Amino acid sequence: MVSSVRLLSSSVLSCRLSRAMTLLRRRSLVPAIILAPSREPVQQIQKVVITIGDFTNIKCYACFGGTPARDDIKALQDRPQLVVGTPGRVYDMIQRRVLRIDSIKMFVLDEADEMLSRGLTKHVYDIFELLPQSTQVVFLSAIMPQDVLDVTTKFMRDPIRILVKKRLYA
């Protein structure tokens, strides 16, 4: 799914998270990964998930650079149902075989335009290449320029595009 909504993408993602909570409660391994371009949106998403998780017993872990990798390794050994992170650190944890992705059901790219314009495409693509074929891939972005839409063909099979146009108010 490719979704473009003229709101803060973290808010858009938050609205979609409640639907995913049922999926997350049923899995024993990490069933969902959300990537964001930097620490700030990762922490915002984690905060929302933790708030929702208080009522659903969903464990979420934020994984980003600039922190000791050993902390991530220890936290990921507890098998949270949702990992939110930056592409570089998430890829590092996959390469270290700490973050198992064989059971991933949903792979979300929040602020996809920002991530792809920052040169993070390689890590995103490397992670995507390792995912099971059945993984649902979701691109979320406040704007969806044509070059980002073109990149979606690299990451997605038969994408469904949901583009919400800006509404003009009088």
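# Working chat on a predicted model

Author: In this predicted model, 51% of the 170 residues of the protein count as buried.

Reader: What share of the contacts between residues at least 6 apart joins residues at least 24 apart in sequence?

Author: That share is 72%.

Reader: Let us turn to helix 7. Which of its residues are buried?

Author: Helix 7 covers residues 146-155, and V148, L149, T152 and F155 are buried there. Viewed down the axis of helix 7, these buried residues fall within an arc of 105°, so they line one face of the helix.

Reader: What does the face turned away from the buried side carry?

Author: That face of helix 7 carries the exposed residues Q146, D147 and T153.

Reader: V148 interests me. What does D113 touch, leaving out residues up to four places away in sequence?

Author: D113 touches V148, along with S141, A142, I143 and P145. D113 itself belongs to helix 5, residues 112-117.

Reader: Is D113 buried or exposed?

Author: D113 counts as buried, because its relative accessibility is 14% and the cut-off for buried is under 20%.

Reader: Which side chain makes a polar contact with that of D113?

Author: The side chain of S141 does, at 2.6 Å.

Reader: Now helix 3. Where is L76, and what is its relative accessible area?

Author: L76 is in helix 3, residues 69-76. L76 is buried, with a relative accessible area of 1%.

Reader: What is L76 in contact with, apart from its neighbours in sequence?

Author: Leaving aside neighbours within four places, L76 is in contact with Y61, V83, M93, V98 and L99.

Reader: Changing topic: how many salt bridges are counted?

Author: The count comes to 5 salt bridges. Among them is one between R39 and E40, whose closest N and O atoms are 3.5 Å apart.

Reader: Are R39 and E40 buried or partly exposed?

Author: R39 is partly exposed, with a relative accessible area of 40%. E40 also counts as partly exposed, at 43% relative accessibility.

Reader: What is the N to O distance between R96 and D92?

Author: The side chains of R96 and D92 meet in a salt bridge at 3.1 Å, N to O. R96 counts as partly exposed at 43% relative accessibility, and D92 counts as partly exposed at 24%.

Reader: And which residue forms a salt bridge with R100?

Author: D102 does, the closest N and O atoms being 2.9 Å apart. R100 is partly exposed, with a relative accessible area of 36%.

Reader: On to the backbone. What is the phi of R79, and where does this residue lie?

Author: R79 has a positive phi of about 55°, although it is not a glycine. Most residues other than glycine have a negative phi. R79 lies in the loop between helix 3 and strand 4, the latter being residues 82-85. With a relative accessible area of 28%, R79 is partly exposed.

Reader: What about the phi of R97?

Author: R97 is not a glycine either, and has a positive phi of about 65°. R97 is placed in the loop between helix 4 (87-95) and strand 5 (106-109).

Reader: Is R97 buried or exposed?

Author: R97 counts as exposed, at 72% relative accessibility.

Reader: One last topic. Which residues form a nonpolar patch on the surface?

Author: I160, I162 and V164 form that patch, with about 260 Å² of accessible area together. One of these residues, I162, is found in strand 7, residues 161-163.

Reader: What is the relative accessible area of I162?

Author: I162 is partly exposed, with a relative accessible area of 38%.

Technical notes: Residues are numbered from 1 along each chain as its sequence is written. This is a predicted model: local features need pLDDT of at least 70, side-chain atom pairs count only at pLDDT 80 or more; totals for chains, interfaces and linings use all residues. Side-chain values use heavy atoms; hydrogens and water are left out. Buried means under 20% relative accessible area, exposed over 50%, partly exposed in between (1.4 Å probe, protein chains only). Contact means heavy atoms within 4.5 Å. Helices (H or I, at least four residues) and strands (E, at least two) are DSSP runs, numbered from the N terminus. The arc is that of the directions from the helix axis to the C-beta atoms. A polar contact is a pair of N or O atoms within 3.5 Å; within protein, one must be able to donate a hydrogen and the other to accept it, and residues adjacent in sequence count only if both atoms are side-chain atoms. A salt bridge is a side-chain nitrogen of Lys or Arg within 4 Å of a carboxyl oxygen of Asp or Glu. Patches are made of residues with over 30% relative accessible area and no salt bridge: like charges are joined within 9 Å, nonpolar side chains (Val, Leu, Ile, Met, Phe, Trp, Tyr) within 5 Å. Accessible areas come from the Shrake-Rupley method with a 1.4 Å probe; for residues, only the protein chains shown count as cover.
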